[in-house]
Amino acid sequence: EVELVESGGGSVQAGGSLRLSCRASGITSEFFDMGWYRQAPGNGCELVSSFTSDARTYYSDSVKGRFTISQDRAKNTVALQMNDLKPEDTAVYYCAKDQAPVIPGIVLSCFGPNWGQGTQVTVSS
């Protein structure tokens, strides 16, 4: 059984920073993909950044230059450093393991096997 738990969300002013962390347990494979997703009320589930099993990283255009994803494979964790936050970044952020596609964009849902419960990020103007 795989379990993922996100942490690090909160409320910040525009221009501020947050660092999200995701801890995964129950992983038995040596290599795996990890992604950060977000969903705001009325919006779809958006993959904003991914770190692939072969150490490639991807970012959506809206977060490029502001967000940085990193993975510690040995510890089964993935982090998302979010700088220069904007009100439009407000959403619940989720991490997930081994989802497809890894290219950023809208996906079907922000829940399922190998998904975390989410952490709220609120950015005020």
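Start by selecting Cys 45, which is buried at a relative accessible area of 1%; buried here means under 20% relative accessible area, exposed over 50% and partly exposed in between, using a 1.4 Å probe and protein chains only. Before you click further, know that this is a predicted model, where local features need pLDDT of at least 70 and side-chain atom pairs count only at pLDDT 80 or more, while totals for chains, interfaces and linings use all residues. Residues are numbered from 1 along each chain as its sequence is written, and side-chain values use heavy atoms, with hydrogens and water left out.

**Stop one: the disulfides**

Strands, by the way, are DSSP runs of E with at least two residues, and helices are runs of H or I with at least four, numbered from the N terminus. Cys 110 counts as buried too, at 2% relative accessibility.

How many disulfides does the structure hold? There are two. For the other, pick Cys 22 and Cys 95, joined with an S to S distance of 1.9 Å. Here the torsion about the S-S bond is about 60°, so this disulfide is right-handed. Cys 22 sits in strand S3 (residues 18-25) and Cys 95 in strand S9 (residues 91-97), which puts them 73 residues apart. Both Cys 22 and Cys 95 are buried. Counting bonded cysteines along the chain, the pattern is 1-3, 2-4.

**Stop two: Lys 97**

Stay on strand S9 and select Lys 97, which is found there. Is Lys 97 buried or exposed? Lys 97 is buried, with a relative accessible area of 8%. Show its surroundings within 4.5 Å, the heavy-atom cut-off for a contact. Leaving aside residues up to four places away in sequence, Lys 97 touches Val 2, Leu 4, Ile 27, Ser 29, Phe 32, Asp 33, Met 34 and Asn 114.

**Stop three: the aromatic cluster**

Next, select Tyr 37, Tyr 94 and Trp 115, which ring pairs link into a cluster. Rings of Phe, Tyr and Trp (its six-membered ring) pair if their centres lie within 6.5 Å; planes under 30 degrees apart count as stacked, over 60 as edge-to-face and the rest as tilted. By this rule the count comes to two aromatic pairs. Tyr 37 and Trp 115 make a tilted pair, 4.4 Å centre to centre with 45° between the planes. That pair spans 78 residues, from Tyr 37 in strand S4 (residues 34-39) to Trp 115 in the loop between S10 and S11. Tyr 37 counts as buried at 3% relative accessibility, and Trp 115 is buried at a relative accessible area of 12%.

Tyr 94 lies in strand S9, so the pair ties together parts that are 21 residues apart in sequence. Tyr 94 is buried as well, with a relative accessible area of 15%.

**Stop four: charged partners**

Side chains of opposite charge can pair when their charged atoms come close. The cut-off used for a salt bridge is a side-chain nitrogen of Lys or Arg within 4 Å of a carboxyl oxygen of Asp or Glu. That rule gives six salt bridges.

- Glu 46 and Arg 38: their side chains meet at 3.3 Å, N to O, and both residues are buried.
- Asp 54 and Arg 56: this salt bridge is 3.0 Å, N to O. Asp 54 is partly exposed at a relative accessible area of 47%, as is Arg 56 at 39%.
- Lys 64 and Asp 61: the closest N and O atoms are 3.2 Å apart. Lys 64 is partly exposed at 49% relative accessibility, while Asp 61 is exposed at a relative accessible area of 66%.

To finish, select Arg 38, Glu 46, Arg 66 and Asp 89 together: salt bridges that share partners join them into one network.

Technical notes: A disulfide is a pair of cysteine sulfur atoms within 2.5 Å.
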